[in-house]
Amino acid sequence: MEHKNVIKKLLEGNQRYITGGALHPNQSFEHRIELTKGQKPIAAILTCADSRVSPEIIFDQGLGDLFVLRVAGNVINDMFIGSLEYAVEHLNVSLLMVLGHSQCGAVDATIKGGNPPGHINSLVQAIKPALDRLKKQSPDWVNIVAKENVKIGVERLRTIDPILTARYDEGDIDIVGAFYDIKSGKVSLTV
Ligand SMILES: [Zn+2]
């Protein structure tokens with residue numbers, strides 16, 4: 001599916017979810033059997049591990065529809081990049097989305113600073129460039145930093161050689177940023 005149509009399909013699904021008209025598609029026994037032939041997801045979505053941000057639910061999609069990667073703070077590492085390259089090269093996914101969200105705990109921890117225990121610090125370090133790039137604190141600060149973190153992720157994915165940048169420059173795929181508001185349920189495109 002062409003990436004413009006994928007974005008449209010996801011936003012339409014999000015609208016159904018918000019308005020209480022979710023269809024819960026592709027979750028039947030028959031569909032599961034159909035999927036034994038293989039998967040053809042329409043999009044790859046990198047988002048936060050936050051339990052309130054489940055892509056299949058908020059976009060009203062089902063099994064086999066979304067190739068989902070999740071980690072606290074939706075940060076990017078080499079294994080995620082490899083997974084996204086696989087989705088593009090082998091599953092013909094035409095849309096990559098980095099999806100941040102409101103009230104993100106990982107972003108909040110980054111803003112609070114200090115030295116979080118254990119490996120939590122590696123998340124904070126990965127999100128810190130977003131905080132550093134924004135000069136002045138303002139109202140709604142956690143969400144502003146979260147959006148900047150999405151922007152950094154998108155910018156990075158667009159320039160990753162050899163697969164993603166080439167396919168993006170050719171217009172084969174689109175790489176977009178989006179933000180999910182936990183209260184309204186709405187997903188907005190940001191980058
Ligand atoms: Zn989060």
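Author: Start with two helices. Helix H5 (residues 105–112) packs against helix H7 (residues 141–158) at an angle of about 105 degrees, and their axes are 9 Å apart. Axes are lines fitted to C-alpha atoms, for helices over the stretch in contact, with angles from 0 to 180 degrees between N-to-C directions. H5 and H7 are therefore roughly perpendicular (angles of 65 to 115 degrees). From H5, Val-107, Asp-108 and Ile-111 meet Trp-141, Val-142, Val-145, Ala-146 and Asn-149 of H7; contact needs C-beta atoms, placed from the backbone, within 7 Å. By class, this contact of H5 with H7 has 6 nonpolar, 1 polar and 1 charged residues.

This is a predicted model, where local features need pLDDT of at least 70, side-chain atom pairs count only at pLDDT 80 or more, and totals for chains, interfaces and linings use all residues. Residues are numbered from 1 along each chain as its sequence is written.

Now strand S3 (residues 95–101). 7 of its 7 residues are buried, so S3 is largely enclosed by the rest of the structure. Buried means 20 or more other C-beta atoms within 10 Å of the residue's own, with C-beta atoms placed from the backbone. Leu-95, Met-97, Leu-99 and His-101 point one way from S3; Leu-96, Val-98 and Gly-100 point the other way. In a regular strand, side chains alternate between the two faces of the sheet.

Next, the partners. Strand S1 (residues 43–47) runs parallel to S3, joined by 4 bridges (pairing takes at least two DSSP bridges). Leu-46 stands opposite Val-98 in S3. Strand S4 (residues 174–180) also pairs with S3 in the parallel sense, over 7 bridges. Here Val-98 stands opposite Gly-177 in S4.

Terms used. Parallel < 35°, antiparallel > 145°, perpendicular 65-115°, else oblique. Contact = placed C-beta atoms within 7 Å. Nonpolar A, V, L, I, M, F, W, Y, C, P; charged D, E, K, R; others polar. Buried ≥ 20, exposed ≤ 12 C-beta atoms within 10 Å, placed from the backbone.
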